[in-house]
Structure formats: structure tokens, C-alpha cells
Amino acid sequence: MWLELLGSLLVAIIVYGVYFRWTRRKMFASVREMHGPINLPLIGYSYLFFGKSTPVSIGRVLYKLMHQYPTPTKGWFGPYLVVMLDKPEHCKTVLNSSVCLNKAPHYRFFGLHALLASEGTLWSSRRKRLNLSFSRKTLNGFFGIFNRKARQFIDDAMKLADGVERNMSSEFAKWTLDNITATFLELEIDDYVDKAEYLKKVELYLPYVIKRVFKLHHYSDFIYHLTKDWTVFSTTRRNVREVTWKALDRKFAQKRTEIETDGTTNGEENTSRAKPLLDMLYDMVRDSSQAMTVEEMAHHVDEVIYAGFDTTAISISNVILLLAMHPEVQERVYQEVMAVCPDPNVEITQEDCYKLVYTDMVIKETMRLYPVVPLLVRSLTADLKLDDQFTLLKGTLIAIASGRMQRNPEIWGPQANVFNPDHFLPEQIAQRHPYSYLPFSAGPRNCIGGRFAMLSMWLTVAYFVRAFRIRTLLRQEDLQTSFEMIQRVNNGCLVSLLPR
């Protein structure tokens, strides 16, 4: 009996394999001339990830894949044809194409019905409205909060300025979370949760997303919901939602008060002007053309927390660590900061930040070497002519390996792996393709929070370098990274501080 069942299963697999190959024969033909890993029937190259369940082990396999073959690189990951690119001209074609606006279907594993995974006209209409909440004018209104939080952060960090080397990553994570919740969510997070405990909950979230991406049998919601991973993931998501509902409860109570006192909500008649995020989301819930529910409003707030604080905190930690490794660069940043904003009792403005030219070069060089998102994945909704040799077909997933491109010696020179802020001198930038550097993606679906992240980093570095001398025993060659949808330096921000 068991032999008969096994035989039937084998026949079914062979029949499905033939059907799969035949129905996708044009896709196979479109990439025939590309290089790539060995693909097994039905599972493609997913076998490379068997037994890899941690961000470190997954990251090692991905790194090897990203650097082993010339691009464009082809491969089947289960039922999906994936083409990896790292040439600037290819990136420009993809990121500006109207048929490459959708993210890969794997983004649904985040469990968020917001900008990250939404598609088509729904994404377009919501992104257009939410852009106003990330405008330069809106962000300029945050600088009072930025400065207040920065002074608090420096006061707390001063208690650690004893010359002892310690990992500051969690401190920068708390600071960034404080910034985002105080600005976009309009609440003091310390009044609601313990930041350290909250961060532990958030840190559980992404590893379970990446684990699901690389387990084909977990793609089915029915199967996944039967697993222990789903239990942990859903519990973590529910715990993290605690802050989101606090912010929404506070906003809805405020709006009820406005209605009771004025008979209308502030700015109700004008939904096209810039306004804070929660006010914009509240208006979108009330706007029938947006078809947004309160639950979806919560998903957008979750997304700001997940996508905003962790990525920015990691980038700031990396900048501080590299400044510690390069005292001469740190000194140049310090001198620039003292020339632009020397008085710690005077608030740093948005205009001051734009004057920190060398500081900006340092931050960009850090993000070039250690991009938080080294892989961008889009899904084709129609055929796309990539170049004179290749036309990619509808349904193909395109993975832009920006992490590999940003260390390509053909673009960045023979010392592409060396930290050198001069890579971002105007004359150097003019010689490079504009799509050779993609820290916040590019095109119409670029990162909505890019400007906020840069302002946060400029201001944090200015306050921090003005207050401390930063040192570390680590060297760049010591740094190891892992990948869990975002890239982290495993060593952490291991530095020592001394007051200036």
C-alpha cells in the first residue's frame, strides 16, 4: 500500500513538473542566456536555504548568491522566476517603469496592509496623500521635538561617557523610537511602555518574516497558521500593536473633543494640504474615496514603526561606529558641526542640517558600504524590455542587488570596499550613473521616509560628535553582517565615549 501511495505521489510530482515547465516555457526561454545557480525541479534554488533558519545563516547564502554570478542572474525560487540585477542602467529601467511598481508577493508576510505591500491604484492614491505628511514643511515642524529629544539623549549618553567600550546599538534604537513616536505618533512612549521591553518585542518580528520567505511550505496561510512560527509571529505582532492603539486612541479622543467644541475637525475641509501623519490617516478613514478602515489605519502606523525606527537606528549606529574607526574623519565632522552649530543651547534647524556638507558625505558613504536594505524586489505586471538582449516577462520577480552595486569596483574604483567619504564629492558624483547609489530606492516607489531618516541622522551625528569623542577597537575588516529583510552589523556599535 505504501509503495502504491509513494508511486502515485511520484507520478503526481512528475506530471505537475511537466505542467509547470510547459506553462512557463516562455519565461524559461527569456532567461536562457543568463547565468545562475543550479535549479532543481519545482523548488528551484531554494534547496540552498534548507536548514538555514537564522538571519546569519540566511544572510551568508544570500551574500554568496549576490556575488557568485555575473548579472543579470536567473534562478527559480519555488514557483517564482527571480532575476537579479546590479547594473545602474538596469536599475533605472526597472525603478522608473510603470510595470515594476508592485512589490514581490513575499512582502505580504509582514502582515501589514499598508504602503509596503499595497498595489496599483490603491497604493498610488494613498502614497500621494501620505507624501504630504513626509514633506519638508511637515518635517520642519518636528525640529523642536528633535532638539528636545536629542538633548535628553545626550544627557543619558553622558552617563556612559567613561571610556569603557560598550554596544550603543540599543541606545540609538531607543532614541530613534523616541523620535518617531513623539513626531509621527504624537505621544511620549515612556508614558505607555518600557522602551527596552518594547524593543525586545519588535526585534522578534523581522526574523520570523525572513524565515517564512525562505520556507516554501510556509507560503500557504493554511499550513503556516498551524505552525509554532505563526503562534510566535502573531503574538509578537499583537504585542507591538500596543503602542499603535495607544496613539490611535489618543488621536480619536482628540478629534472627538474638536467636534464637540467646534462642531468640526481641524482642517476637515482641506484634505490636500500637508498635515501630521495621524491627522492625514484620520482624514483618509473618513474619505470614502480612500476606502480605508480603522484597522488599515493601524497597519499604516505599524509600518511607520517597523520600517522607520529600526532602519534609521541601524544607519545611525553604523555612522557612529565608522566615525570611531576613523578619528581623522570624526575630527573633520566635529569641526564642521562647530562651524555651523557650535552652541549646545541653541536649537539646530533644518537649514543648519543642510549646511553639514561633509557630515552628509560621511552618512552617505556609510549607507553605501552598509545599506540597511541591500536587496529591492519588484514584481512585473507586464513584459519589460530590460536592454537590447533581454526582455523579462510578466510575473518575473526582479531583485535589485544594491548592496553589491554599491561596492562594485567598476563604479566606485579599486578601493570600493574602503570607507572614504570623498566618494561623495560633487565631482565624483558627477562621474557616476545616478542610479549607482540607492539607499532609499528610487523612482515613484522610493522610500517615503528617506528625508526624515536623513534629517534624523544629520541631527544625531551633530549632537553626538559635538558632545563626545568616540573610539573603538574594531576595524572595518572585523565587521560581519546578517540579513533579516534588513541588513545589520552583527558586531553592534561597540564604542567608547569621552566628553569633549
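User: Leaving aside neighbours within four places in sequence, which residues is Gln350 in contact with?
Analyst: Happy to start there. This is a predicted model, where local features need pLDDT of at least 70, side-chain atom pairs count only at pLDDT 80 or more, and totals for chains, interfaces and linings use all residues. Residues are numbered from 1 along each chain as its sequence is written, and side-chain values use heavy atoms, leaving out hydrogens and water. With contact meaning heavy atoms within 4.5 Å, the partners of Gln350 are Arg136, Leu139, Asn140, Phe143 and Leu455.

User: Is Gln350 buried or exposed?
Analyst: Gln350 sits in helix H16 (residues 350-355); helices are DSSP runs of H or I, at least four residues, and strands are E runs of at least two, numbered from the N terminus. Buried means under 20% relative accessible area, exposed over 50%, and partly exposed in between, using a 1.4 Å probe and protein chains only. Because its relative accessibility is 1%, Gln350 counts as buried.

User: What is the length of the polar contact that joins the side chains of Gln350 and Asn140?
Analyst: A polar contact is a pair of N or O atoms within 3.5 Å; within protein, one must be able to donate a hydrogen and the other to accept it, and residues adjacent in sequence count only if both atoms are side-chain atoms. A polar atom of the Gln350 side chain lies 3.5 Å from the backbone oxygen of Arg136. The side chains of Gln350 and Asn140 are joined at 3.1 Å.

User: Where does Arg475 lie?
Analyst: Arg475 counts as partly exposed, because its relative accessibility is 39%. Its side chain reaches the backbone oxygen of Thr472 at 3.4 Å. Arg475 lies in the loop between strand S9 (468-471) and strand S10 (481-483).
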